[in-house]
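Thanks for asking me to look over this one with you. Here are my notes, written so that you can follow along with the model open.

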Amino acid sequence: MSLPNALRGKLRLPAIGAPLFIISHPALVIAQCKAGIVGSFPALNARPISQLDEWLHEITEALAAHDRDHPESPAAPFAVNQIVHRTNARLEEDLALTVKWKAPLVITSLGAREDLNAAVHSYGGVTLHDIINDRFAHKAIEKGADGLIAVAAGAGGHAGAYSPFALVQEIREWFDGPLALSGAIATGDAILAAQAMGADLAYIGSAFIATREARAIDDYKEAIVAGRADDIIGSSLFTGVFGNYLKPSIRRAGLDPDNLPQVEAKMMDFAAATGGAGVKAWRDIWGSGQGIGAIKAVTSVAELVDRLAKEYAAARARLCAS
């Protein structure tokens, strides 16, 4: 295991609740951390920017209070996800607030920057950069990221194209630092499998959409519960970047998921395809990974993590007995 010190001995399960655009907010993050896994949220979910200051205050105080009241089972650290792409006009302000509140972990996406990593390191924070291939992994580490999140095929939302076996194998040929794996992980068995392949942590997103604390509409949660891998389709139509989405949401938008327009991946093409009906990616077109067949009901975060922990322990026991 190559966990950073910020996580050693602080996790009930080797898992991170992935930052979910629109959906993740303080209630979800706090519940995940109290349950014993890293909770995270995209900084851009807090709108306006002043709300990010409020959210970071709320999360920091809630977890500190939990630790005072439950010294025998302290909360796991939380993470803030920063979109580093040049189109993110509020990155500098969001980063300043992240530094102010000393977020233990910062997850970076869509670009790697040395100055951002240095800012997080200035207070002892840890940066993890999500990547979809080995080339991007090299760039992230060269620019000072402490660890990597390998986003493999089958992940929800913006996803990679490579098998997790291939992606982890190539990264582990040269990198022995912290590594999380994303892609259709929704059971304790899958968490253990990620570790067996060489990852330190499982990166779990879609399963947490179907929790009571998640800021998703009921229809979205029920679609996760009802869905299976065959209900997921990959497309670049909706955001210009390849991602995995729930077919029922595409039908609700007035499109046939099995016959999507063959156009260049541009948001303007998506708007044209839906007749300018105000349909938006993420809000109306729902991201989801291929592992949702394991999600059988809408539960609390605590109940979901309990299930994952029991499955993980059982899988370890079977492995040791074989």
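1. One term before we start: a residue is called buried when its relative accessible area is under 20%, exposed when that value is over 50%, and partly exposed in between. Please also keep in mind that this is a predicted model. With that in hand, look at helix α4, where the buried residues are L116, N117 and V120. Viewed down the axis of α4, these buried residues fall within an arc of 100°, so they line one face of the helix. Their packing partners are β3, α3, β4 and β5 (126–131).

2. Next, helix α3, which covers residues 91–100. Its buried residues are L91, D94, L95, L97 and T98. Down the axis of α3 they fall within an arc of 160°, so here too the buried residues line one face of the helix. They pack against α2 (49–69), β3 (78–83), β4 (105–109) and α4 (114–121).

3. Most residues other than glycine have a negative phi, and most peptide bonds are trans. L110 is not a glycine, yet its phi is positive, at about 55°. You will find L110 in the loop between β4 and α4, and it is partly exposed, with a relative accessible area of 46%. A184 is another residue other than glycine with a positive phi, near 65°. A184 sits in the loop between β8 (179–182) and α7 (188–197) and counts as partly exposed at 35% relative accessibility.

4. While you are checking the backbone, have a look at the peptide bond from R47 to P48: it is cis, with omega near 5°. P48 belongs to the loop between β2 and α2.

5. How many aromatic pairs are there? The count comes to six. F21 lies in the loop between β1 (15–17) and α1 (26–35), and W282 in the loop between α11 (267–273) and α12 (301–321), so the pair ties together parts that are 261 residues apart in sequence. F21 is partly exposed, with a relative accessible area of 35%, and W282 is partly exposed too, at 22%.

6. Another pair is W174 with F175, which is tilted: the centres are 5.6 Å apart and there is 50° between the planes. W174 is partly exposed, at 30% relative accessible area, whereas F175 counts as buried at 9%. Returning to F21 and W282, these two form one aromatic cluster together with F238 and Y245.

7. Now the packing of two helices. The axes of α1 and α12 come within 9 Å and cross at roughly 35°, and the crossing is right-handed. On the α1 side the contact is made by L28, A31, Q32 and A35, and on the α12 side by V301, A302 and V305. Sorted by class, this contact has six nonpolar residues, one polar and no charged ones.

8. Further along α12 is A314, which is partly exposed, with a relative accessible area of 33%. The C-alpha atoms of A314 and D189 are separated by 8.1 Å, although these residues are 125 residues apart along the chain.

9. Is S288 buried or exposed? S288 is buried, with a relative accessible area of 1%. Its place is in the loop between α11 and α12. Leaving aside residues up to four places away in sequence, S288 touches A155, G156, G157, S206, I224, I232, N244, Y245 and L246. Y245 in that list is also a member of the aromatic cluster with F21, F238 and W282.

10. Last, G36, found in the loop between α1 and β2 (39–42). G36 is buried, at 6% relative accessible area. G36 and L11 are 25 residues apart in sequence and 5.1 Å apart in space, C-alpha to C-alpha. Not counting residues up to four places away in sequence, G36 touches K10, L11, R12, L13 and A76.

Definitions and conventions. Residues numbered from 1 in each chain as written. Predicted model: local features only at pLDDT ≥ 70, side-chain atom pairs only at ≥ 80, totals over all residues. Heavy atoms only, no water. Buried < 20%, exposed > 50% of the residue type's maximum accessible area, 1.4 Å probe, protein only. Helix = DSSP H or I, 4+ residues; strand = E, 2+ residues; numbered from the N terminus. Arc of directions from axis to C-beta. Contact = heavy atoms within 4.5 Å. Phe/Tyr/Trp six-rings, centres within 6.5 Å; stacked < 30°, edge-to-face > 60°. Axes fitted to C-alpha atoms, helices over the stretch in contact; angles between N-to-C directions. Left-handed = near helix turned anticlockwise from the far one by under 90°. Nonpolar A, V, L, I, M, F, W, Y, C, P; charged D, E, K, R; others polar.
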